[in-house]
Amino acid sequence: MSLLKTVICVLWAVCVGQTAGSQNGPNIIIMLMDDMGWGDLGVFGEPSKETPNLDLMTAQGMLFPNFYTANPLCSPSRAALLTGRLPVRNGFYTTNAHARNAYTPQEIVGGISQDEILLPELLKKKDYVSKIIGKWHLGHRTQYLPLKHGFDEWLGSPNCHFGPYNNSVRPNIPVYNNSEMTGRYYEEFEINVKTGESNLTQIYLKEGLDFISQQAMAQRPFFLYWAPDATHAPVYASERFLGKSQRGRYGDAVMELDDSIGQILAHLVSLGIQNNTLVFFTSDNGAAVMSGPHQSGSNGPFLCGKETTFEGGMREPAIAWWPGRIPAGTVSYQLGSVMDLFSTSLSVAGVLPPDDRVIDGLDLSPVLFNNSLLDRPIFYYRGNQMMAVRIGQYKAHYWTWSNSWEEFNMGINFCPGQEVPGVTTHTPEEHTMQPLIFHLGHDPGERYPISVQSKEYRDVHRQVTAVVEKHLKDLIPGMPQLNMCDLAVMNWSPPGCERLGKCLKPPQSNPWKCDWPH
């Protein structure tokens, strides 16, 4: 770089840094990974130590070993993050079958309800500019897309990057630039399933860096929801990272995401706005261990993985970073939830949450700034069923289920190598009268239920019973949005397809009740 260019860049960064403090509120960046497991981070003991930037982020910020998603599957957990509400309240569940996980595949008719108020809609009260980069997954029909729910900008996709598909039977997934598609996966946005090569993470990184620069220059507070999906099967990475990990292709994807996160944090520092920016890193659910070792990550010492309400399905890696505000190198044992990002973001932005609905997320500001501990339970839901609850170090299972015998006998295993008799059951088993209780400090793998004959069991049972009874008494479920499917609503002709000449003819509408096997 020439001396003149260097001087210009330095002066620009200084100028931006001097004006950052005049913003109405701090910038907010939520980095949500897709199926990344608790055990994928070096700071949590991953032996290959291939996440140096996330480990450095931890050293400069606050680590949460006890952080949870609100559901063990992509769509409901994302709906919970953006609404601050359990999926059973915001409608991201099904009543078609008991305790079934449901999400938003192409054939889903529903999506995020118009009655829900999303985080970017509320941040507009303080003049925030909001952008989502990556996977949306809250419904792909026009009325459900991000720009209809508070986001100002979007680059990414409404669905997972499954495919490639035969467009006469099932269309490839569109990629949007704001309110119109700009191409499709496996067409304009190539993902080589054989080699695992794709530039999508690099595209999402550049888009994030550019957005941050633009808002810093405009001196406007921003909310960036950075949601890449490279660690969701089929996993992918760009050429520079392929073959570099000791962990195979999945590790390549993790290395590229780690590098991207490092670049985003460094960019904030180079612009001089790091002291006015809260960054939170986490994942939408546990590692998808049913995808096998080449396509999934690690849940560390925890039981099972994605789609289950065991710890491996719902305990997530989580790091908060805000230089000058969050004490560096701290560990919080707070029981946290992805729904807390909603309430905490509103708090730091100076926006009151809606007062006409139950908000399940807590404001973690006292935790972030003073390392306080807030008393709260964690509820583990699978579809319409509360499966378990955690209070302190204790977790009580009221229902257990991994996946069905039919799937298991076909080689689909949600708990490979971790079968625990009487715990990882292959039929939904009710324990309402006598829940299985574990001490997660002593037994993070949920292998040794506390004896029902012990005083410890009786004391914990009494405590959790009161919490659960109050929760269920006050619970008013939302209207389920994930009950109906129809091939006609798939991504045949998304907005913008005419301009690209990529509109496809849909089949005749023939709705049916969605079948959710898990």
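In which strand is the place of Val331? In this predicted model, Val331 belongs to strand 12, which comprises residues 330–331. The relative accessible area of Val331 is 33%. Because buried residues have under 20% relative accessible area and exposed residues over 50%, Val331 is classed as partly exposed. Together with Tyr333 and Leu373, Val331 makes up a nonpolar patch on the surface. The accessible area of Val331, Tyr333 and Leu373 together is about 320 Å².

Strand 14 and strand 15 (residues 385–391) run antiparallel and are joined by 5 bridges. Within this part of the model, Phe379 is placed opposite Val389 of strand 15. In general, the strands of a sheet pair through backbone hydrogen bonds, in either a parallel or an antiparallel sense.

Parallel pairing was found around strand 4. Strand 4 spans residues 129–135 and is mostly covered, with 7 of its 7 residues buried. Strand 4 runs parallel to strand 8 (residues 222–227), to which it is joined by 6 bridges. Lys131 stands opposite Leu224, a residue of strand 8. Strand 4 also pairs with strand 5 (residues 153–157), again in the parallel sense, over 5 bridges. Here Lys135 is opposite Ser157 of strand 5.

Asn90 was examined separately. Asn90 is located in helix 4, which covers residues 87–90. Its relative accessibility is 2%, so Asn90 counts as buried. Apart from neighbours within four places in sequence, Asn90 is in contact with Ala79, Ala80, Thr83, Arg85 and Glu116. Between Asn90 and Gly248 there are 158 residues of separation in sequence, and their C-alpha atoms are 38 Å apart in space.

Terms used
Residues numbered from 1 in each chain as written. Predicted model: local features only at pLDDT ≥ 70, side-chain atom pairs only at ≥ 80, totals over all residues. Heavy atoms only, no water. Pairing = 2+ DSSP bridges. Helix = DSSP H or I, 4+ residues; strand = E, 2+ residues; numbered from the N terminus. Patch = residues over 30% accessible without salt bridge, like charges linked within 9 Å, V, L, I, M, F, W, Y side chains within 5 Å. Areas by Shrake-Rupley, 256 points an atom, 1.4 Å probe, with all protein chains shown as cover. Salt bridge = Lys/Arg side-chain N within 4 Å of Asp/Glu carboxyl O. Buried < 20%, exposed > 50% of the residue type's maximum accessible area, 1.4 Å probe, protein only. Contact = heavy atoms within 4.5 Å.
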